[in-house]
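Reader: Could you help me learn how to look at the place where two chains meet?

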Amino acid sequence: MFIDARKIEEQEFESGVCIIGAGPAGMILALELEERGIPVTILEAGGLEKETANQNMARGDITGRIYYALDNSRLRYFGGCSNHWAGLCRPMDAIDFTDREWVPGSGWPFGAETLAPYYDRARPYINLRPFRPNERRYTTFPRKQHEEFELNYEQYAPDHVLGQRFQRQFKKSKLIKVYLYSNLTDFETDENGRLRSVTARTLKEFGDRTLRFRAKTFVLATGGIENARILLLSAKGRRHALGNANDHVGRYFMEHLHAIGGILAVQSESFPFRPFERTDYFKGYLRLRDEIQRNEEIMNCRMVLEESQDIDPGPLSESIFEVAARMDGNSPGTRLMHVKFISEQAPTRESYVGLSERKDALGQPRVDLHWHVSQLDKKTIDVNLEHLARAFGREGHGRMQIRAGSLSSWKWNFLAGGNHHMGTTRMAATAAKGVVDSNCRMFDVPNLYVAGSSVFPNTGHANPTFTIIALAIRLADRLAHEHRPPAAGLQAERS
Amino acid sequence: MKLSRKQFLLLGGGGSLVLLGAPLAVYLRELFLDGAVSPESRARLGAFFQEHPAAIELGRHYLEENPDAGGEARLARRILEKLEIEEPAAADELAAALRRAQIRDWDRGEPRLVRGWFLTELEVLLCALASMLSTQAI
């Protein structure tokens with residue numbers, strides 16, 4: 001059920017599990033726990049719709065690389081960022097979980113096989129059917145001729161706006177209580193370092209109420225930027241912020257680097273290519289195979305080819321097409337495509353979420369985002385584009401124009417992110433290397449868990465939400481074990 | 001000079017030699033054996049390139065962006081080196097050598113970027129030669 005915190009008289013609440021944030025991670029976690037009969041409280045900072053006063057709370061400073069306005073990049077209402085998610089789904093690749101010696105700080109505490117069953121369980125939540133590609137129908141990319149590339153697919157989830165999809169179910173639920181307009185402002189810990197309660201406040205214009213929530217277990221699920229900010233805010237009155245004994249909270253902020261990397265002029269005659277068309281359900285892409293990534297010491301990246309009528313290849317293009325076609329033994333006749341890449345970033349401490357000196361409407365420091373793109377990030381993109389250009393040239397399929405004129409003199413300022421905020425409370429095997437353990441539990445606060453992409457130690461190229469949902473289901477299994485309802489517990493004991 | 005379909009097929013079917021044609025074989029053979037190219041051979045190759053303005057245009061851009069690429073003799077010798085043949089012989093052998101050199105370049109060679117276009121060194125050298133010959137009186 002939904003409870004409007006602006007209108008209630010009580011101030012103290014108690015539950016087994018208290019989730020902060022009703023975005024994809026918090027919602028799916030709650031639904032999974034509900035299914036097991038476990039009562040859940042959710043604190044949601046916004047309402048059921050986008051409202052200016054709440055969005056203003058998401059504003060922040062950009063002190064590093066230029067980035068989107070943070071109150072556009074984040075959505076502070078029921079459903080969270082699923083409200084502007086395009087629905088692209090793809091499990092992370094096996095290599096993304098591994099310790100790659102050329103990527104400092106890489107590796108998850110578990111492998112891809114651990115998450116695989118949770119990806120399967122994630123599908124029904126977004127109505128994502130199992131996908132068996134029929135390449136003859138969807139694309140004619142000659143994969144055998146490009147052995148360094150893997151052709152693969154992303155899927156579009158038909159029902160990805162989770163706030164809409166599950167609003168009725170949450171409204172009817174007897175086990176899930178969603179407190180709307182409740183902004184978390186404080187943590188209370190006991191002498192053992194366990195979290196005893198959290199304090200939430202409504203904005204001044206909404207009555208400036210203060211509510212306190214006690215629980216056995218808390219889960220922070222407010223997004224890749226806000227999770228870090230909330231933890232950093234907890235430093236007030238403490239030696240260091242919760243989870244931050246080793247200065248990892250907020251560090252290693254990562255995005256997926258997005259840009260059009262070039263134009264591909266494909267010889268129509270030699271290359272009966274049908275583009276990786278976007279249907280309502282899937283999209284094809286190319287990725288350099290793992291062994292090439294190892295040899296080149298780069299990270300994971302996918303490239304999408306999109307045919308467009310709006311491409312202007314410049315005045316020299318006709319000559320290029322003519323010469324290239326003749327060199328390759330074809331007749332001139334070209335189709336132009338954009339080469340778009342979506343590339344992984346290396347985790348670095350120089351890329352971080354911190355606290356600004358400016359305050360929000362509740363008097364707390366706003367967020368300061370200091371996004372950084374490293375040399376390894378740039379090398380990854382360069383190498384991918386070069387391999388693609390070579391592959392098409394070698395096979396006589398066409399030529400590629402690299403954007404900005406030269407691999408070595410890229411104007412990197414056109415790189416953008418994808419509103420994918422990741423890595424700021426990273427998962428690690430030990431407290432020395434991260435904030436949460438392999439179960440998403442904070443190393444130094446045993447009853448506080450973190451859900452969402454902030455726990456990703458590495459991101460791969462796949463859009464994060466599908467993995468966020470899979471991880472939330474995995475966390476639900478863990479919490480369900482800790483919070484078995486009494487009846488079920490007794491039954492289990494008897495048996 | 002334009003190659004007939006029969007000539008083209010004799011050149012190995014690799015359309016690559018449509019650009020170069022037999023004149024290049026003669027031109028390179030003279031360069032290889034005599035160390036110099038006769039005015040007649042140069043004129044024949046230049047005339048051939050005149051019929052392929054795209055190559056001249058591309059070469060012109062390459063030379064603009066790479067003023068140190070060298071003169072005609074140096075370009076021709078670099079092409080010869082890239083072909084990695086014992087001795088330049090018939091045009092069909094040249095066609096095969098050219099295709100091999102092109103693949104080597106795609107696999108391992110340093111890319112050459114002309115106005116951002118990712119091309120092989122062999123491509124741009126040939127076009128640069130075309131451009132250079134096109135500026136001479138034929």
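Here are a few questions and answers about the interface in this predicted model.

Reader: How many residues of chain B are in contact with chain A?
Author: Happy to start there! Contact here means heavy atoms within 4.5 Å. On one side of the interface we find 27 residues of chain A. On the side of chain B, the number is 29.

Reader: What share of the buried area do carbon and sulfur atoms give?
Author: Good one. Putting chain A and chain B together buries about 2,400 Å². In chain A, Leu316(A), Met327(A) and Arg390(A) lose the most area, together 30% of what that side buries. For the whole buried area, the share from carbon and sulfur atoms is 68%.

Reader: Which residue of chain B forms a salt bridge with Arg399(A)?
Author: The count between the two chains is two salt bridges. A pair qualifies if a side-chain nitrogen of Lys or Arg lies within 4 Å of a carboxyl oxygen of Asp or Glu. For Arg399(A), the closest N and O atoms are 2.3 Å apart, so the pair meets that cut-off. The partner is Glu123(B).

Reader: Which element of chain A gives the most residues to the side that touches chain B?
Author: Elements giving two or more residues are strand 11, helix 10, helix 11 and strand 17 of chain A. With ten residues, the one that gives the most is helix 10.

Reader: What is the bridge partner of Gln401(A) in strand 2 of chain B?
Author: Let's follow the strands. Strand 17 of chain A and strand 2 of chain B run antiparallel and are joined by two bridges. In strand 2, Gln401(A) has as its bridge partner Trp117(B).

Conventions. Residues are numbered from 1 along each chain as its sequence is written. Chains are lettered from A and ligands numbered from 1 in the order in which they are written. This is a predicted model: local features need pLDDT of at least 70, side-chain atom pairs count only at pLDDT 80 or more; totals for chains, interfaces and linings use all residues. Side-chain values use heavy atoms; hydrogens and water are left out. Buried area is the accessible area (1.4 Å probe) that two parts lose on being put together, summed over both. Helices (H or I, at least four residues) and strands (E, at least two) are DSSP runs, numbered from the N terminus. Two strands pair if DSSP finds at least two bridges between them.
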